Amino acid sequence: MQYIYENFTFPPDQSFTIRSESLEMQKYTTFKSHVNFEIALLENCCGKRFIGDHIQDFEGPELVLLGSYLPHCWQYYKATNPLLQPRATIVHFFPDFLGKDLLEKPEARHLNALFDKAAKGVLFEGAAVLEAKQVMQQMIFETGLARSAHMLRLLDMLALSATGKTLCSSYFNTAESPNQANKLNKVFAHIFSHFKEEITLQDVSTLLSMSTAAFCRLFKSGTNRTLTDFVKEVRIGHAARLLLEGHHNVSEACYDSGYNNMSNFNKHFKEVKGLSPRDFLRRYRVTDSAKS
């Protein structure tokens with residue numbers, strides 16, 4: 001997977017944006033992240049969801065809330081109803097889009113809790129998605145304060161919903177500033193391009209013209225893990241994708257992910273995914289017949 005940082009700008013007369021667009025059925029291979037929060041409503045499609053270190057099959061409709069700098073990607077396999085066009089409705093916003101004072105009010109406690117959970121990604125399903133869809137459809141055609149009122153209503157509904165569940169592991173964290181994100185993105189790009197090779201602390205420190213100690217502090221604060229752990233997760237994530245796609249057996253996935261022995265591969269796979277490679281494959285693999 002590639003990793004890119006997106007920089008959105010809002011029109012001068014808008015404090016957040018919303019758009020609805022048709023989806024192309026394809027396997028996107030780029031992780032995206034941005035400082036803005038995002039609400040994504042996906043309809044009439046199925047595929048695979050990648051949010052941070054979370055990987056899972058999905059079948060729309062579903063609604064996901066993403067926090068700042070949280071890497072994400074969807075791969076779309078097919079329309080669930082071939083007579084209808086798959087669609088995505090996307091909202092980009094900042095939590096304080098109506099001013100910081102709002103979030104300091106006692107009535108906003110549940111919103112602050114929702115935004116804290118967004119750092120790990122929050123998935124909503126069932127009735128909450130249908131209610132949110134109605135509000136988002138109204139929001140698209142409104143302007144001014146009426147549009148902002150719908151946005152507040154949407155956030156209030158999500159904050160009070162009992163269906164929301166976080167997606168990323170408890171240790172997954174995000175960058176805290178654009179400058180930090182840019183530095184980490186440079187490191188991520190290097191790791192994603194070279195994870196099948198040996199990656200040393202000295203290599204990536206030199207990449208940013210930093211001492212190894214300074215780099216370790218930067219990387220730890222931005223990802224809440226060490227470089228070694230991150231490289232391990234990238235390799236295991238790649239191996240998991242190979243297994244799920246069905247074109248590699250466990251041994252092939254091992255050696256194609258930068259490992260030179262099965263023992264370490266099996267150990268690391270279970271540490272990251274909580275299952276052995278074979279158990280993971282039995283539980284999560286989507287067969288070709290399920291995609292067609």
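The legends below describe close-up views of a predicted model.

Local features are reported at pLDDT of at least 70 and side-chain atom pairs at pLDDT 80 or more, while totals for chains, interfaces and linings use all residues. Residues are numbered from 1 along each chain as its sequence is written, and side-chain values use heavy atoms, with hydrogens and water left out.

**View 1. The chain as a whole.**
The chain has twelve helices and eleven strands; these are DSSP runs (helices H or I, at least four residues; strands E, at least two), numbered from the N terminus. Of its 292 residues, 47% count as buried (under 20% relative accessible area; exposed is over 50%, partly exposed in between; 1.4 Å probe, protein chains only). Of the contacts (heavy atoms within 4.5 Å) between residues at least 6 apart in sequence, 74% join residues at least 24 apart.

**View 2. Helix α3 against helix α4.**
The axes of α3 (residues 127-140) and α4 (residues 144-160) come within 9 Å and cross at roughly 165 degrees. Axes are lines fitted to C-alpha atoms, for helices over the stretch in contact, and angles run from 0 to 180 degrees between N-to-C directions. The two helices, α3 and α4, are therefore roughly antiparallel (over 145 degrees). Residues E131, A132, V135, M136, Q138 and M139 of α3 meet R147, H150, M151, R153, L154 and M157 of α4. Seven residues of this contact between α3 and α4 are nonpolar, two polar and three charged (nonpolar: Ala, Val, Leu, Ile, Met, Phe, Trp, Tyr, Cys and Pro; charged: Asp, Glu, Lys and Arg; polar: the others, Gly among them).

**View 3. Helix α2 against helix α4.**
Helix α2 (residues 109-117) also has an axis that comes within 9 Å of that of α4, with a crossing at roughly 75 degrees. This makes α2 roughly perpendicular to α4 (65 to 115 degrees). On α2 the contact is made by H110, L111, L114 and F115, and on α4 by L155, D156, L158, A159 and L160. The contact of α2 with α4 has seven nonpolar residues, one polar and one charged.

**View 4. The two faces of helix α2.**
The buried residues of α2 are L111, L114 and F115. They lie on the same side of α2, because their arc around the axis is only 95 degrees (taken from the directions from the helix axis to the C-beta atoms). The elements covering these buried residues include β4 (37-43), β7 (62-66), β9 (87-93), α1 (100-103), β10 (122-124) and α4. Exposed residues R109 and D116 sit on the face of α2 turned away from its buried side.

How values were computed:
Angles under 35 degrees count as roughly parallel, over 145 as roughly antiparallel, 65 to 115 as roughly perpendicular and the rest as oblique.
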